[in-house]
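Colleague: I am new to this structure, and I would like to understand the terms used for it. Could we look at it together first?

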Amino acid sequence: MGESIENRLKQLGIELPDASGPAAKYANYVITGNLLFVSGKGPSGNPKGKLGREFTTEEGYQYARLAAIEVLAVVKDALGSLDQVSRVVRAQGLVNADPEFEEHHKVLNGFSDLMNDVFGEKGLHARSVMGANSLRENLPIVIESVFEIKS
Amino acid sequence: MGESIENRLKQLGIELPDASGPAAKYANYVITGNLLFVSGKGPSGNPKGKLGREFTTEEGYQYARLAAIEVLAVVKDALGSLDQVSRVVRAQGLVNADPEFEEHHKVLNGFSDLMNDVFGEKGLHARSVMGANSLRENLPIVIESVFEIKS
Amino acid sequence: MGESIENRLKQLGIELPDASGPAAKYANYVITGNLLFVSGKGPSGNPKGKLGREFTTEEGYQYARLAAIEVLAVVKDALGSLDQVSRVVRAQGLVNADPEFEEHHKVLNGFSDLMNDVFGEKGLHARSVMGANSLRENLPIVIESVFEIKS
């Protein structure tokens with residue numbers, strides 16, 4: 001059987017918050033078939049600023065990790081338990097970045113590493129990352145994601 | 001049974017245009033399984049400019065609503081009738097924005113509100129939004145979307 | 001039957017490289033159901049620069065074509081043969097662009113044209129394209145994509 005994802009979260013010292021609500025008439029997530037589409041989520045605490053200007057790559061990594069925790073809170077809210085995830089399918093990192101910033105991939109690793117820590121091999125996902133000119137409320141990063149769920 | 005989506009459009013005073021064609025060797029939409037992937041669509045009328053520079057948030061909201069109507073025109077062209085939509089799954093708003101713009105979410109609400117007006121609960125979708133540095137033909141917004149269709 | 005995709009590649013004078021590996025703890029691709037999600041891929045050769053600044057639209061077109069070849073290398077690695085592709089579903093072009101650039105669509109045509117050359121009608125895909133403020137390692141373009149595979 002193996003340990004549950006919830007136990008692994010505990011070992012990692014991660015406590016999932018309640019899923020933050022959508023700010024308008026949209027959904028935190030939509031399930032179609034066995035795919036779970038999760039809305040773009042930013043880090044908790046309302047940090048404001050751009051990578052390569054207000055924030056370093058290492059700070060961005062930590063914000064991507066915090067955004068990953070917000071994503072997992074939505075997934076748990078959607079499925080009841082993270083054990084219902086059979087695969088992390090895809091993530092897109094929208095990084096609020098200076099025009100000369102070049103380390104977007106290292107920032108998004110904060111998300112990817114956490115998915116691997118939590119889900120192991122099932123956490124390996126396809127991904128892309130880009131520098132956004134600006135983001136809502138000047139968040140440093142927003143991550144959109146798709147999960148596969150057990151049928 | 002309830003009223004048809006076409007009737008609801010009429011009540012909202014919305015007349016769908018013919019679907020605007022793709023500008024190159026790509027498709028307006030692709031159907032795979034019961035998912036309909038719609039290409040990025042901008043507002044009609046070829047407006048040009050950036051949010052936070054040429055356009056206000058309220059103007060952006062109206063452009064997002066106009067882009068939503070272009071998206072629905074493609075969906076109708078793809079499915080014959082909007083009644084074949086079982087769920088709006090996902091939308092991504094690409095907002096042509098100034099580096100200091102922070103209200104991308106309020107702009108994309110023009111799309112989300114229209115989907116709710118037209119489809120009700122089925123119109124609730126996962127979404128993300130970002131500030132693009134620039135967009136094709138200097139459009140203020142382009143919206144990419146995915147719909148679930150009745151099987 | 002028709003000729004195989006591999007033969008068509010040969011006729012086009014395209015030799016697929018080995019798939020370039022992901023740079024961190026993520027996957028080059030994920031298969032879920034009959035959808036293949038491919039991670040964002042840039043052109044080979046590590047070109048650096050922005051459209052509308054260091055690079056012209058025509059150069060960008062060629063880079064999009066080179067990125068398409070990198071994408072196909074991943075698809076072949078994933079499926080064993082490109083003949084297993086039943087449809088190119090969706091592509092998103094992230095173009096590293098100057099704020100005043102307006103020809104993103106013409107750049108992404110380098111990807112779309114190649115997909116049509118290689119797959120014919122099956123190569124027609126839904127797509128969107130945006131100007132990114134900056135990209136990892138200052139690549140001129142990164143393309144994320146989804147393919148449908150034969151069941």
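Colleague: At what angle do helix 2 of chain B and helix 3 of chain B pack, and how far apart are their axes?

Modeller: This is a predicted model, in which local features need pLDDT of at least 70 and side-chain atom pairs count only at pLDDT 80 or more, while totals for chains, interfaces and linings use all residues. Residues are numbered from 1 along each chain as its sequence is written, and chains are lettered from A and ligands numbered from 1 in the order in which they are written. Helix 2 (residues 57-79) of chain B packs against helix 3 of chain B at an angle of about 40°, with the axes 7 Å apart; axes are lines fitted to C-alpha atoms, for helices over the stretch in contact, and angles run from 0 to 180 degrees between N-to-C directions.

Colleague: Why are helix 2 of chain B and helix 3 of chain B called oblique to each other?

Modeller: Angles under 35 degrees count as roughly parallel, over 145 as roughly antiparallel, 65 to 115 as roughly perpendicular and the rest as oblique. The angle here is about 40°, and the two helices of chain B are therefore oblique to each other.

Colleague: What makes up the side of chain B that touches chain A?

Modeller: In contact (C-beta atoms, placed from the backbone, within 7 Å) are 29 residues of chain B with 23 residues of chain A. Strand 4 of chain B gives the most to that side, with seven residues, strands being DSSP runs of E of at least two residues, and helices runs of H or I of at least four, numbered from the N terminus.

Note on methods. Two residues are in contact if their C-beta atoms, placed from the backbone, lie within 7 Å.
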